[in-house]
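Hello,

Here is the structure I promised to pass on. Please open it first, then read my notes below.

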Amino acid sequence: VSQGGGHNGSNNFAMHYGYYDNSGWNQTTEDALPAIYFKDDKARIIDHLWVNLSTYEYYCLYEGNSLTAPLGEGDYVIIEAIGHKENGTTARISIRVADLQNGVIDDWTKWDLSSLGKVKKVHFNIIGTNDNGYGFSQPAYFAYDDVAVQFTE
């Protein structure tokens, strides 16, 4: 029996693509970023999920390509979760997934999102220091799997 590439060998996982920055070149708005939301529109606590980088992202962080340089001294890549609460406010939490001091994640990594509190929706953004003159230049991909939600009702 072969195992898939997801967390715990699952055959399915979600792949995120997209980012927002203030470069003037990026045509995405923060509200248009891919999101997790609850179909019934109720707020819940997302306890955690598991994240990993795509092979393409991993390669570009170390090798670069025609659009981006590899990570250099002081460079980093962060995934940010933006939780939207019932009252219209937002909460943010981030996880650093790449820098030269700590390395680049290369396996499924648990990310605790519980500090966002009860949220109706969570957008994800990728932020980093690599900029080719047109904004963030690393590939804006990451995978996530096994989203754990607290149901209190």
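Let's start with the strands. Strand 2 (residues 35-37) and strand 9 pair in the antiparallel sense, over three bridges. Two strands count as paired if DSSP finds at least two bridges between them. Strands are DSSP runs of E with at least two residues, numbered from the N terminus. Within this pairing, I36 stands opposite V122 of strand 9.

This is a predicted model: local features need pLDDT of at least 70, side-chain atom pairs count only at pLDDT 80 or more, and totals for chains, interfaces and linings use all residues. Residues are numbered from 1 along each chain as its sequence is written, and side-chain values use heavy atoms, with hydrogens and water left out.

Back to strand 9. Strand 4 (residues 76-84) is joined to strand 9 by eight bridges, and the two run antiparallel. G83 stands opposite V122. The bridge partner of I82 is H123.

What is the order of the strands in the open sheet? Five strands form it, in the order 2-9-4-5-6, with antiparallel pairing. Strand 2 and strand 6 (103-104) are the edge strands, and each pairs on one side only. In a regular strand the side chains alternate between the two faces of the sheet.

Now the rings. The structure holds nine aromatic pairs. Rings of Phe, Tyr and Trp (its six-membered ring) pair if their centres lie within 6.5 Å; planes under 30 degrees apart are stacked, over 60 edge-to-face, and the rest tilted.

One of the pairs is Y17 with Y141. This pair is tilted, at 4.7 Å centre to centre and 40° between the planes. Y17 lies in strand 1 (residues 14-17) and Y141 in strand 10 (residues 141-150), so the pair ties together parts that are 124 residues apart in sequence. Y17 is partly exposed, at 47% relative accessibility. Y141 is partly exposed too, at 30%. (Buried means under 20% relative accessible area, exposed over 50%, and partly exposed in between, with a 1.4 Å probe and protein chains only.)

F124 and F142 form an edge-to-face pair, because their ring centres are 5.7 Å apart and their planes are at 75°. F124 is in strand 9 (residues 121-128) and F142 in strand 10, 18 residues apart. Both are buried. Ring pairs also link W111, F124, F142 and Y144 into a cluster.

Last, charges over rings. The cut-off is NZ of Lys or CZ of Arg within 6 Å of the ring centre and within 35 degrees of the ring normal. R44 lies over the face of F38, 5.2 Å from the ring centre. The charged end of R96 sits over the ring of Y76, 4.6 Å from its centre.

Best wishes

Definitions and conventions. Helix = DSSP H or I, 4+ residues; strand = E, 2+ residues; numbered from the N terminus.
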